[in-house]
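Q: Could you walk me through reading a structure like this one, feature by feature?

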Amino acid sequence: MAASGPQSSASEQAWLEAAKTFIQQTLCPSGKEPNNQLTQSVIDCVKMIWLTKGENQGFILPLSYSFVSVQTLKTHQHLPCCSHLSWSSNVYQAWVQRAGPNGNALPREELLLLGTLTDLSEDLEQEYRSGNLYVKDNTGILDCELIDLDLSWLGHLFLFPSWSYLPPAKWNSSGKGHLELWGAPVPVFPLTINPGPLTPISVLYPEKASLLLRLRKKHKVSESNLAGKLVRLSALVISQNKGYFILTLGELSPADSQVGSQVSIIVQIPAQMVWHRVLRPGRSYVLTRLRITKTRSHHYYIWTTIPSSDLMLLRPDCVQELELERWFLEADLRPLPPPTLTESQDRMGQEDLVRDSRVLHYSGTVTDVLNESACLYILDGQLILCLAYQQIHDLRRVIRPGVCLELRDVHLLQSVGGRGSRPVLALCLHGTILLRGFSHQKPETLSPFQIHGASLYEQLVWEYQLGLPLYLWATKALEELACKLCPHVLRYHQFLKHSSPGKPSLGLQLLAPFPAVLKTACIRHAHSEILEEPHHCPLQKYAQKQIPYTFPTLFTLAKEGQRRAWATFDPKALLPLPEAAYLTSSQLNRHLGWSWLSVLPSTFQPAQVLLGVLVASSHKGYLQLRDLTASLPCLPLTKNSQPLADPRLIGVKFRDGKIVMLGGCLVRAEKFQLVIEREVRSNFPSWKELGMADFIQKKQARVYIQFFLSDALILPVPRPSIDSVILSSSPQSDPSCPEESHLGQSRLFLLSHKEALMKRNFCAPSGASSELPDPTLSFHVSGSWLCGTQRKEGSGWGPPEPLGVENKDQKVFLIFLGPSVRWFALLHPGKVYRLVAPGPSQTPVLFKAESSSGTSQRPLELAGCVSCLTIQDEWTLELGRSQDIPDVLEISRALPESSLTHLLSDNFPDSLVSFSAEILSRRICEPPLARRRIQPGNAGTVKACVKLTVALEMADCEFPPHLDIYIEDPHLPPPIGLLPGARVYFSQLEKKISRSNNVYCCFRSSTSMQVLSFPLESTIRDPLPHIYLAELLQRGWAPLQATTSCHVVFVFSLQILWVCTYCTSICPQGRCSRQDLTCPAQVAISQASIRLLVEDGTAEATVTCRNHLVAAALGLGPSEWTSVLEYARGPGKVALQFRGPGAQPESPGKIHEPLALFLWTLCTSPSVIRPIMLSFELERRSSDVTPLEPSRLQQFQSGEFPLLTRVNPRLRLVCLSIQEPEHPSSLEAFASSF
Ligand SMILES: [Zn+2]
Ligand SMILES: [Zn+2]
């Protein structure tokens, strides 16, 4: 059958020669004569396998195959491969198909591998056998895995007809590849078949073996042989370099297999560790020469093997049951009571949501790797497999998609959470994992978080003793964190480093700085976990859906903020009826123009933890939290209203004039506010259309974060990688004291004022291009030097240089532009900073006034500064430490504030004022006063303006005055944090006086602000004070709003109008009356007002009520009021005037219209002239600087005599609400009883 032509025989000869050489070198025992018999046997063996294959194409030798030694595989085979001598190409193709559609199958090489199977590693001296298997030849040794081992194979030479080789993965620290041996190896020399013992072995079956264990004290038990069916196999546990496992034998027939008739045997002899690979549950075995021993934890007595013990398959004809002596048979045959641990029992059932897992056997295929380091896989596409609770050792390298596993006594947990809703299979030490088939696939390229941190994950299970739900959560959360920070902020290995005592891992610190979160499930004792009945382990009882919190990316957080901004945007809720019904179109749309909401972490389910790196933007000038996905503006605050002022927190460091470290610290906050400011441009005609989204023209939301530093964990970002790069590039410098940091100069200054961050024009220095440069984002600060320049001395600063005559004036003006704007958020008035210029000093005095400054001199003259400096990019700032500041200087740290009289007087218009205030409201409005230039038909181009109404914080003022602050371009959008409820310090606002004599303020380029506190989470305001009207006259600063019980004595006037919502012209019959037809509107709204005279016995006041409050003043219900308004629609206007009190009532006879007549009657009736509870606001605003009307003399007639008396001016109030007095019914009852 061989087509042996001369050509083929020549190549066969060559192949045979090569084979001989290889076999002599690689397989013959070294130092011995060439062994021809071995060579022939090997070639025969190869031939035999080759010829069993169908398609050998007539060649009797596998000429295309070449022999490969262990060493060659290890050194030259860098890619995973497989070799199948006996496989036809059809078989291989079918095999490739099974690897999946991705074409991921292992590539086929034509290699012949021979070697000795052994469980002895290279390290013979150590005598340490972990149960691993190896293939060995003269050139080396290679780890291997085998599906079904036979103990008789060990130590023999085999041809491996089918195998795959996986070189070490790059991240594999052991650096060892391994072999996966498919199918049974073919022995080169026939194996001697063990004929079995000559005489049957006397054995004990489990029932009697356990009895013997119980009665060991009464009767000395010698060595025994045990036989039975393997019912359970524990994991191979390795602790302190010693391994052991426990197997449990049951009765042979199923009827007898109860708990009581099982016996456990511990195997802890190193040479027997390999038995763990041989034992298969369901098969029956005989173990010889067993003794009884105590376990290491001293809880149990157990059968154990000795070095001379044997393991063999049970053959019924070779054993006979040992007859026990009579006293044994008489003994109580009750099953052995299960050993228990009281401690573990107490821990059970403490939590309500705790469930029991089910223990079962499962066979399946791994389809995906979730996280190799954390031993998490996907089984059959639907189950999560967690092997972290076992030490899976070298099995880890075999487990990849495609591998078939049998899991014995595995726990099934459901609804665990942390990684979706998939059920989880998890093995404790009680169960075991059996390899059922190798993967056909090449190992996948894993993402970095899947390959780093294995020892950290092990720590979570073995040191922190996390239960499975928390473990799944922790691994997921660490992945989330890694995605946010690695590899640009931190390297994966830095982040997922193992914790050592006193040096906790950064990953763990960020995951749970308060270890209480990682509440341990239970303390594990390996022996009890395997042996105890009932079974008890960390996987047995579990709490469902245990997800303490998650770490969203900043991108997700920003997106969620945007989503919530518009999901919760409801114009009807922002403008509730009845107020909205009376607003004109432009009022309505301005009200909707700006709104905000704050989202607290507790509203997320599960709670979210903020994590990012705090950086100062050198483009925008504000602070940001940054991760790899996005950055979000943020506003950190200390608890005592201090802003973030320590530049170390943003940690900018320079070496050789280059930034080497940007981004100072990691911020982790469980408490924070996600603030969303909404801006909406709309053209709603009236309140009726508020539900229709079509009228919204443009909308945008600004998302940022506010948090208190005291609520945050702040950790410096470790940067060993960067530092080491820098240092290694300059080998001369000693790493412990880099030379550059010992050079530099610095000067202390007290910051007295900071100006706005805005685009400014800078004059080009003379000689530069004549083109006008673009305005540059910049800011200025002014302050004063506290001492002369200091030079670096060691790690501190030397004494300050004496000041020259020209430097006597200590004032300084610092200009920040370009990248230095990043300091903006950290510089605050009243604080001392040290300006540091790093590196060797070229100029003798660096911090000297600039002669050719790029700034025009005018601001300097204004500020009265002599010294003017432009901050260089590489200069840094430090917060001045208290010991640095000269004692002689009395530094006022309080923020400068203007006095109340300065603020609220008309004497100092256009001056600059500073104060702290609480923001009461924030609105979009038209610019104030002269800036209003509305052109008809061009209303859309009017620049919007932000109006803040604030309550001033004055020390000696019980009822703070209110003031309006306007922010216009170029100060728009306003800085973050200007929210209603926030307390803010405003510095150097421009004070103005309006045409109506009200004081207001405007943002100017000199203005800066600093948020002192965030809005309170609950916005419940105190109820209005209840006062007598006369109190409003007595006090210097009366409350702006209050409640009083008073009596309506007279109605001055009443007016009801229907007006156009666009141009506010009167609309008879609901149509705009504008004649020029420029107004297209067909929408009219009603407006109403009434003026009343009230008195409470102490003083009298005129009260203006508007719109829906008119109905309350008239005592009309909603439906009555609606009818009144509808009657007024026809004429478009109804107005009534009444003569002053005391005068003769006007005759109703002159009024012909029924509605006017009705209202006239109503206004003079007791339903209006009645006692009321009035909540009001003073009409005169606290910012009004019109001189107060003095009290005047008035003549009264008292009998016959005229009486002249001094009368206070009448109070003018605006109605906020009218309620009927509290006990009108009792009063009526009282009155009717007479
Ligand atoms: Zn368990
Ligand atoms: Zn109109």
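This is a predicted model: local features need pLDDT of at least 70, side-chain atom pairs count only at pLDDT 80 or more; totals for chains, interfaces and linings use all residues.

Q: How many helices and strands does the protein have?
A: Helices (H or I, at least four residues) and strands (E, at least two) are DSSP runs, numbered from the N terminus. By that count the protein has 26 helices and 59 strands.

Q: What share of the residues is buried?
A: Buried means under 20% relative accessible area, exposed over 50%, and partly exposed in between, with a 1.4 Å probe and protein chains only. Of the 1234 residues in the protein, 50% are buried.

Q: Which residues coordinate the zinc ion (ligand 1)?
A: Donors are N, O and S atoms within 2.8 Å of the metal (3.2 Å for Na, K and Ca), and sites may look incomplete, since water is not among the atoms. Here the zinc ion (ligand 1) is coordinated at 1.9 to 2.2 Å by NE2 of His411, SG of Cys428, NE2 of His535 and SG of Cys537. These donor residues follow the spacing H-x16-C-x106-H-x1-C in sequence, and both His535 and Cys537 are buried.

Q: What is the geometry of the site of the zinc ion (ligand 1)?
A: Ideal angles at a metal are 109.5 degrees for four tetrahedral donors. In practice, four donors count as tetrahedral if all angles lie between 85 and 135 degrees. The angles among the four donor atoms of the zinc ion (ligand 1) are 102 to 116°, and the site is tetrahedral.

Q: Which way do the side chains of strand β50 point?
A: In a regular strand the side chains alternate between the two faces of the sheet. In β50 (residues 999–1002), Val999 and Cys1001 point one way, Tyr1000 and Cys1002 point the other way, and all are buried.

Q: Which strand runs parallel to β50, and which pairs with it in the antiparallel sense?
A: Two strands pair if DSSP finds at least two bridges between them. Strand β48 (residues 962–967) runs parallel to β50 and is joined to it by three bridges, whereas β49 (residues 983–993) is antiparallel to β50, over four bridges. Tyr1000 is the bridge partner of Asp964 and also that of Lys992. The hairpin of β49 and β50 has five residues between the strands, and among them Asn997 takes a positive phi near 70°.

Q: Why does Ser284 count as buried, and what is it in contact with?
A: Ser284, in strand β15 (residues 284–294), counts as buried because its relative accessibility is 17%. Contact means heavy atoms within 4.5 Å. Leaving aside neighbours within four places in sequence, Ser284 is in contact with residues including Gly228, Leu252 and Met312.

Definitions and conventions:
Residues are numbered from 1 along each chain as its sequence is written. Chains are lettered from A and ligands numbered from 1 in the order in which they are written. Side-chain values use heavy atoms; hydrogens and water are left out. Four donors count as tetrahedral if all angles lie between 85 and 135 degrees; four count as square planar and six as octahedral if opposite donors are over 155 degrees apart and all others between 65 and 115; anything else is irregular.
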